[in-house]
Structure formats: structure tokens, C-alpha cells
Amino acid sequence: MSPTNYLLLSALLFTIGAVGVLVRRNAIVVFMCIELMLNAVNLSLVTFARLNGQLDGQVMAFFVMVVAAAEVVVGLAIIMSIFRTRRSSSVDDANLLKY
Amino acid sequence: MTDVISTGEAVTFWILGPIALLGGLGMVFARNAVHSALFLAMTMLSLGGLYMAQQAPFLGFVQIIVYTGAVMMLFLFVLMLVGRDSSDSVVEVLRGQRVAALVFGIGFAVLLVGAVGNAFTNIPSVGLAAGNAGAGGNVTGIGRLIFTKYLFAFELTSALLITAALGAMVLAYAQSRGAQSKIGQRATVQARLRGEHDRISPLPGPGVFATGNSVAVPAILPDGSVAPESISAIIDATPIEESEKPAADAHALTGGPYPEDEK
């Protein structure tokens, strides 16, 4: 086994996430698919850090985690406020910025 | 100094990798959003294990604590707030979009796997073991990097976190405005005086006389007439049913046993 397997796993996970964003209609599930893509990229960053023998990749993965956490908080708040006005969490329903 | 992948790591990969893939697929194809969230938590847990196997124990624990612990629970929390049964609509807004997305996904996967598999076949892995950059411990090395080379990015992170927390508070705060806001007492009184209600005062209560305090007794107006609004409309509409009166029984007064019980 070579570290390439990790990169292949990362590629597959990223693809699954991308397909999920395109296929699913529930805004929260779409959001979870985005999280899956971020995680896949993190896995490849960690693998690259190991391949190169440098810790920079791990630091980048760490920053990605921080940004993802902040993004989740704001995104879920937006979904909540959309749900409060439109009584729906489907991405098809949110086609207006107001009302 | 190259690093060799041990058998233990290979076993870990071949156990956790398929679990992560299954979790991802389950997340996309589960009908229920809560199941999706749990599948994603499974994927993230196994990814945390993979990080630890790849000489990144700090990131592995951060992954488990932050992602499966905090982020996924936040997702579940919002799912419960929004309503668990808000499942996907099966209506296709764009015709053929799902099929196109699946085709795109397969093509993308083939492309990516082919490219990665070709580009990274025989590259030597340096590894983070002793003697390389990871010397002195993973956490120490990451800390040194964060507070020297990536210090500015780290400081920007604090601004990002504060902004995110503020934004979440502003967005999620339930302001009472528009049609959904509750009308207060003062506003109700003003609306009454403005004539927006049928009458200014509340409806008169039912009358209370010495002979009865039933809600069916109407109130009497000052001129002696009956106030029809004082009785609920339901009472007039309800048919009267006479309850059966129990037959008089002298034994009930004495508390003694019935005659047939003595036999």
C-alpha cells in the first residue's frame, strides 16, 4: 500500500460530496455535502504533509477546519432564518431574497 | 529518511477507508436528513482515525472533537429545530438534473482517480517520523509553525471567528417584526379605542344571582333586560339532557348492607 491510496480515497469522497450538492434538495443536507468535500480536501492535505515530510499541510488542514467551523455557524444561521420566513428548508423554495 | 507504511496502517486504512466511503454514499442517498447527518458523523470519525494513522494525531483529535462533536451536533440541532420530517422533495425542477449530476459525478471520479493515480504512483514518501520536520512531537511542531510562519493567518482567524459568532447571533435572533409579531396590551387597547374591534369593552360575563352561578345564567343589563352576549353561543346550541336520577334507597342513608347481600 502506498500513500496514494489516501489521495484516491480523498478524491472519491470529494466526488461524493459534489454529487450530493447537485442531487439533494434539502439545504441542510447540501450543507453536509459541502462539509464532506472540505473533509476530503483535509485528508489530501494531511497526506501531502506526510509525503513531503513538512507540517505545513497539517497546519493548512487545521485552518481549513477553523474556517469550516465558522462557515457552518453562519450557514446554519442563514438556513434557520430562511426557514423562519419561508417555512421550508428546500433550496428550490428560496428563490427570493426578501419575503 | 523515508517512511514505510506498516501493516497495521494498511489494515487501518482498509477498514476505515471503506467505512468513510460507505458513510459518504449513505449521506447522499439517505432519505431522512437525520440519517444523513449520522452517516456523515461516521465518515468524519473514520477520517479522524485515518489522520491519526497518518502521523497527524493532533488533527485526528481535532477532527473528532470539532467535527463529530461540535459541527455535527450543531447540524442535528438545526435539523431538530427545522423539523425532522422536512425530507427532500422528489419534484425535479430542472428536468434530467439528477441524472446529469450522477453522470458528472462518475466522470469526475474517473478523471480525478486517474489523474491522482497516475501522478502519484512512485513518489517517495518522506514521512514525519523522527529526524524530519515532525521531530519533537506533532503538537509542538504544529504550534511552532502556527505561531511563527502562519502567525498572521492565525490572527486573521480570530477576526473570522468573532465575525462568525456575531453574524450567527444577528441572523438567528428571532426578532418580532412583521405579521408574526405578537400584539402587546397597549397596542390592543389603542386598536380597541380606534374602533378596530367589534366593541370597546370585553364581553360581559354571565350573571351571578342568589339562585345560581351557572354560566348559563345571563347577565342583566341596567334596564333589567337580558344581555345576550353574556352567554356563550355554545350553551344555547347544546341540547339539554336530563340526567337519570337514582331511585331513592333507604339503605343508603343507614350505610347498612343491602338485603340481598345477607343471603
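## Helices 1 and 2 of chain B

The axes of helix 1 and helix 2 of chain B come within 8 Å and cross at roughly 160 degrees. An angle over 145 degrees counts as roughly antiparallel, so helix 1 and helix 2 of chain B are roughly antiparallel to each other. The crossing is left-handed. The model is predicted.

Helix 1 of chain B brings B:Glu9, B:Thr12, B:Phe13, B:Leu16, B:Ile19, B:Ala20, B:Gly23, B:Gly24, B:Gly26 and B:Met27 to this contact. Helix 2 of chain B answers with B:Ser36, B:Phe39, B:Leu40, B:Met42, B:Thr43, B:Ser46, B:Leu47, B:Gly49, B:Leu50 and B:Ala53. By class, the contact of helix 1 with helix 2 of chain B holds 11 nonpolar, eight polar and one charged residues.

## Confidence and makeup of chain B

The model scores ipTM 0.92 and pTM 0.73. Chain B has a mean pLDDT of 81. In chain B, 79% of the residues reach 70 or more.

Chain B contains nine helices and two strands. Read from the N terminus, its elements run α-α-α-α-α-α-α-β-β-α-α. The chain has 263 residues, and buried residues make up 19% of them. Take the contacts in chain B with a separation of 6 or more: residues 24 or more positions apart account for 46% of these.

## The side of chain B that touches chain A

Between the chains, 72 residues of chain B are in contact with 62 residues of chain A. Six helices of chain B each supply at least two residues to that side: helix 1 (7-29), helix 2 (33-53), helix 3 (57-82), helix 4 (97-119), helix 5 (138-148) and helix 6. Helix 4 of chain B gives the most, with 11 residues. By class, the side of chain B that touches chain A has 52 nonpolar, 18 polar and two charged residues.

## Helix 3 of chain A against helix 6 of chain B

Helix 3 of chain A passes helix 6 of chain B in a left-handed crossing.

Helix 3 of chain A contributes residues including A:Phe63, A:Val66, A:Val67, A:Ala70, A:Val73 and A:Met80. From helix 6 of chain B come, among others, B:Thr157, B:Leu160, B:Leu161, B:Ala164, B:Gly167 and B:Leu171. The residues of this contact divide into 17 nonpolar, three polar and no charged.

## Helix 3 of chain A against helix 5 of chain B

Helix 3 of chain A also packs with helix 5 of chain B, at an angle of about 70 degrees and with the axes 10 Å apart. The range from 65 to 115 degrees counts as roughly perpendicular, so helix 3 of chain A and helix 5 of chain B are roughly perpendicular to each other.

In this contact A:Asp56, A:Gln58, A:Val59 and A:Phe62 meet B:Ile142, B:Leu145 and B:Ile146. Five of the residues are nonpolar, one is polar and one is charged.

## The loop between helix 2 and helix 3 of chain B

B:Gln54 lies in the loop between helix 2 and helix 3 of chain B. B:Gln54 counts as buried because it has 25 C-beta neighbours inside 10 Å. Not counting residues up to four places away in sequence, B:Gln54 touches A:Tyr6, A:Val46, A:Thr47 and A:Arg50. The C-alpha atoms of B:Gln54 and B:Gly127 are separated by 8.8 Å, and the two residues are 73 residues apart along the chain.

B:Gln55 is found in the loop between helix 2 and helix 3 of chain B. With 22 C-beta neighbours inside 10 Å, B:Gln55 counts as buried. Most residues other than glycine have a negative phi. Phi of B:Gln55 is near 60 degrees, a positive value.

## A:Cys33 in chain A

A:Cys33 sits in helix 2 (residues 27-52) of chain A. A:Cys33 is buried, with 24 other C-beta atoms within 10 Å. Leaving out residues up to four places away in sequence, A:Cys33 touches A:Gly17, A:Gly20, A:Val21, A:Arg24 and B:Val28. A:Cys33 and A:Asn95 are 62 residues apart in sequence and 21 Å apart in space, C-alpha to C-alpha.

Key:
Residues numbered from 1 in each chain as written. Chains lettered and ligands numbered in written order. Predicted model: local features only at pLDDT ≥ 70, side-chain atom pairs only at ≥ 80, totals over all residues. Left-handed = near helix turned anticlockwise from the far one by under 90°. Helix = DSSP H or I, 4+ residues; strand = E, 2+ residues; numbered from the N terminus. Contact = placed C-beta atoms within 7 Å. Nonpolar A, V, L, I, M, F, W, Y, C, P; charged D, E, K, R; others polar. Buried ≥ 20, exposed ≤ 12 C-beta atoms within 10 Å, placed from the backbone. pLDDT = per-residue confidence, 0-100. Axes fitted to C-alpha atoms, helices over the stretch in contact; angles between N-to-C directions. Parallel < 35°, antiparallel > 145°, perpendicular 65-115°, else oblique.
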